[in-house]
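Colleague: I am new to this structure. Could you take me through it, beginning with the strands?
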Amino acid sequence: MPEHTTSLTAGRLSADELAAVLAPQSSSSSGKSLSVTGLRKSYGGTTVVDGVDMEIAAGEFVTFLGSSGSGKTTTLMMLAGFTEPDSGTVTVDGRDITRLTPGKRDFGFVFQQYLLFPHMTVAENVAFPLQLRGVDKAEIRRRVGETLEAAGLSKFAGRKPRELSGGQQQRVALCRVLVYRPPIVLMDEPLGALDKKLRDQMQSEIKTIQRELGLTVVYVTHDQEEALVMSDRIAIMKDGRIEQFDTPRALFERPRTPFVADFLGAANFLTGKVEDGGADDRTRVRLDTGGVLTARAHPCVPGQSVRAAVRPGKLRLVGAEKGCCTGTVETAVYVGSLTRVTLRLDGADPGTPPLRIETAQTPPRVGERVSVTAEREDVSVFTETDGG
Amino acid sequence: MAGTAVAPAKVRVRKTSALRGHRSRIALVNAVPVTVFLLVMFVYPIIGVLSLSLKGDSGAFTLHWYADALSGANLSVLVSTVRISAETAAASLLVGFVLAHAIARMRPVFAALAMLIVVVPHFISALVRTYGWIIMLGEHGLINSLATSVHAPGAPYSLLYNETGVVIGTTSVMLPYTVLVLQGVMRGVDGRLLAAAAGFGASRFTIFRRIYLPLVAPGIGTAGLLSFILCLGYYITPALMGGDRQTVVAALIDQQVMQQDRWNSAAAFGVILLLLTFAGLGVLGLARWRRGKAHARRSGS
């Protein structure tokens, strides 16, 4: 789990306070579990979501991460009920809610566009969901007051949303959801319209509230860092499917597909043939450029064409001819804590990109011949069937 | 880092504000011909009418044209004009709201087509349209033959030469304006706000009452006022479709100028109509101001 407590002190909103205000009243404050099976949606022949299955535990923070068009927002909209799936089911704590309207699901929604009601004041906006739930007036006033107070928005209670900054508006949107304590909160790029600094701050605020209230949050973003910082697990989406659904660490260190390896961080791909796939704890690959690279175990047979993936930071420079592959340094750029090196491998096709290395070791000079090696645990192997 | 990020933003702001100043000066120059035109063609005649209405036969200052206009038969004409205008505004708002709402929800192609159907009758002479209504609404017209053939209770109805007839006629004239105004406002309502309200569990009725209606309210005010004001000075339809009791101020003005050569009295009526229009605008402005004040009071607490 990454650290995000430090930035809290910088925030004007005390997320802990907000959580404290909301928590005591919600004895059953913990979120609910969410289960999705075989979710599909196509628009006019184009399949947007192509069979999504996932189990989300109560109190878990799950993020759909993908580029635009990967189907992440459509999937979220189907969870929310704003979009009806062609097939598949959505269940909450075992109850089938696939055909329920959004209002009947009792979820909370936070959108990138805030969607505050422009004709209502901040307080009226936050009171709105409570009024719909038939909470009596005095209770509404108390809860709205407390929530806004904890969010540091008390002095804006009587203002209209358009008089607030983007960050304040998004906080109001968040208050409007948290005030009625939905067990599951769905967020569609809620911080997408904010600047970097505010985004960092809001990330930790949302995360703190989620953890303290035990909310189940399903989050959509295309921002990798945001996903890594906030999520318990991340579902990486591509072409309407989940490529891999795992913890940030597992995604980073043990990508299951080449797409995931390259999408999170960057990866060098080296082609070769399996030399020895029999061993249960490793796979030896004879690289096309010569040399042998040892990777983690992967189901494959000797002689099979494979691609090995290594992150630039996991390649170690060793003396010439000592590593798995040797080449000539093309560029070496010092970027502060480390040096970015590109290496043109001996025997590589002229069309292939050079090897990217990030090293804190004494950087090599341009034109120098060096060799690289990598730990077995840092090398992934992909066969044809693992996708592109 | 922060410094370098702020500096270019500042420069950009300065640039745009300088640009805006330049633009507004050009805009002022552009406005000169229009201003001159309005002064000559609009303000000057109004001052002329005003001074005419305050002059006696001898040319001395008098208020008796106004006293005349606001007493006896003339007053009842004034009252029925305001009443017919109010009824027309209400009717065209009601029909216009339903129509505009339907059009706003259509796909753009069909919406454009529907707007065309609403607006095109407006290109036809008001006289022709009014006679069309007379044919439709007569005792043996389409509406009444239909009503009698299905044995509707009370049929045939008297739909002509009374206030019902006038309001039907004027409403059809004002409808395009209300539909245009309302449809514009409705198009501007962000459908995602309505979806968000539904997401919180609001019923369709609640969404309509608490979100949709308040968001289109300014349009309702504008459209209602527009048809009210336009109707105040409207002439042909009430004259042709109304009875004796539906004489409107415009008809009275026409009578006084064309038949009795009483320009001063006609001018007084004209000024009264203008004041009524301002009163209508004032009511709308007051409503907005009070809403703003209520809002300010809430923010103060």
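Modeller: β16(A) and β17(A) form a hairpin with 4 residues between them, and A:Gly336 in the turn has a positive phi of about 105°. Strands here are DSSP E runs of at least two residues and helices are H or I runs of at least four, numbered from the N terminus. This is a predicted model: local features need pLDDT of at least 70 and side-chain atom pairs pLDDT 80 or more, while totals for chains, interfaces and linings use all residues. Residues are numbered from 1 along each chain as its sequence is written, and chains are lettered from A and ligands numbered from 1 in the order in which they are written.

Colleague: How many bridges join β16(A) to β17(A)?

Modeller: 7 bridges join these antiparallel strands; strands pair if DSSP finds at least two bridges between them. A:Gly327 stands opposite A:Leu345 in β17(A).

Colleague: And which residue stands opposite A:Thr328?

Modeller: That is A:Arg369 in β19(A). β16(A) and β19(A) run antiparallel, joined by 4 bridges.

Colleague: Changing topic, how many residues of chain B are in contact with chain A?

Modeller: 17 residues of chain B are in contact with 16 of chain A, contact meaning C-beta atoms, placed from the backbone, within 7 Å. The largest share of that side of chain B, 6 residues, comes from α8(B).

Methods:
Contact = placed C-beta atoms within 7 Å.
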